[in-house]
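Please have the sequence and the model at hand while reading.

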Amino acid sequence: MGDAVARRILFKGKTAVGVEIERSGKVSAVDGKEIIVSCGVFGSPKLLMLSGIGSSKEMQSLGITVLQDVAGVGKHMKEHP
């Protein structure tokens, strides 16, 4: 889906079960047996944090519900050619 933007990963408990996407101005969910996050060096940490995985302090300050406190998400990023 090249014209879709991933908004967040959907979880059931601590298991990823789908992705919420926006496509042509409409928000919907896509689910399946396998979830692959491939949004690049900046997009992948952003998607994880919007989904509740990352620094609890940073996510709470933005009103994001914390699923897993992982302080290293989004830190020490380097773009590789």
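Which side chain meets that of Lys75 in a salt bridge? In this predicted model, the partner of Lys75 is Glu58, with 2.6 Å from N to O.

The structure holds 5 salt bridges. The table lists some of them.

| Salt bridge | N to O distance |
|---|---|
| Lys75 and Glu58 | 2.6 Å |
| Asp3 and Arg23 | 3.1 Å |
| Arg8 and Glu20 | 3.4 Å |

Asp3 forms its salt bridge with Arg23. This pair links distant parts of the chain: Asp3 belongs to the segment before β1 (4–12), while Arg23 belongs to strand β2 (residues 15–23), 20 residues apart. The relative accessible area is 45% for Asp3, which is partly exposed, and 35% for Arg23, also partly exposed.

Arg8 pairs with Glu20 in a further salt bridge. Here strand β1, which holds Arg8, is linked to strand β2, which holds Glu20, and the two residues are 12 residues apart. Arg8 counts as partly exposed at 36% relative accessibility. Glu20 counts as buried because its relative accessible area is 15%, and buried means under 20%.

Conventions: Residues numbered from 1 in each chain as written. Predicted model: local features only at pLDDT ≥ 70, side-chain atom pairs only at ≥ 80, totals over all residues. Heavy atoms only, no water. Salt bridge = Lys/Arg side-chain N within 4 Å of Asp/Glu carboxyl O. Helix = DSSP H or I, 4+ residues; strand = E, 2+ residues; numbered from the N terminus. Buried < 20%, exposed > 50% of the residue type's maximum accessible area, 1.4 Å probe, protein only.
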